[in-house]
Amino acid sequence: MTLHWTPATERLDLLAEPVARAVTHVEGVEVAEIDPDLADTAAFCERYGVRLDESANCVVVATKRGGETRYAACMVLATMRVDVNGVVRKHLDARKASFAPMADAVELTGMEYGGITPLGLPEEWPILVDVHVAEHARVVIGSGVRRSKLAVSGATLAGLKQAEVLALAG
């Protein structure tokens, strides 16, 4: 199947509400409608002919320090794994770090699991962008819902207000 890319601002109906609000402030974001049953990265890439190293995942991490829980998002290529207990925990100065429970990630972001994206996340959340994502001319990411994907440059992700670029893989 072929992806038909359109400027995201022209198809806000394909985006979760917080993402629709955010894309109006970010240039160069495109959206394509997909089969929601194929939203998971491996199935999506296989069906639509997108390489895993052209696809980036947004991982929500919960950190704890002094009894307080804070959240962050990590953007890594689909071929990589986030070093949550090493790089991320140390960078965020947390005592403990783990993947956020699915129910928490969905509730706090206002997005569907499997479609969570850095665009439209709560403003207080740091967005940690892996250097390999930041260097990409164009990566495919979630749209906040399972029935579409976004395409955006790594530089755009690295330039988000709360973004920090670092090596996230262990």
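Thr6 stands opposite Val31, a residue of β2. The model behind this pairing is predicted. β1 and β2, the latter spanning residues 30-33, run antiparallel to each other and share 2 bridges.

## The open sheet

β1 and β2 belong to an open sheet of 4 strands. The strand order is β1-β2-β8-β7, and the pairing is antiparallel. The edges are β1 (6-7) and β7 (139-142). Each edge strand pairs on one side only. Strands of a sheet pair through backbone hydrogen bonds.

## Aromatic pairs

The whole structure holds 2 aromatic pairs. One of them joins Tyr71 and Trp125. Their rings are stacked, with 5.5 Å centre to centre and 25° between the planes.

Tyr71 sits in strand β4 (residues 68-77). Trp125 sits in the loop between α4 (102-109) and β6 (127-130). The pair therefore ties together parts that are 54 residues apart in sequence.

Both partners are buried. Tyr71 has 19% relative accessibility, and the cut-off for buried is under 20%. Trp125 has 4% relative accessibility, so Trp125 also counts as buried.

Key: Residues are numbered from 1 along each chain as its sequence is written. This is a predicted model: local features need pLDDT of at least 70, side-chain atom pairs count only at pLDDT 80 or more; totals for chains, interfaces and linings use all residues. Side-chain values use heavy atoms; hydrogens and water are left out. Rings of Phe, Tyr and Trp (its six-membered ring) pair if their centres lie within 6.5 Å; planes under 30 degrees apart count as stacked, over 60 as edge-to-face and the rest as tilted. Buried means under 20% relative accessible area, exposed over 50%, partly exposed in between (1.4 Å probe, protein chains only). Two strands pair if DSSP finds at least two bridges between them.
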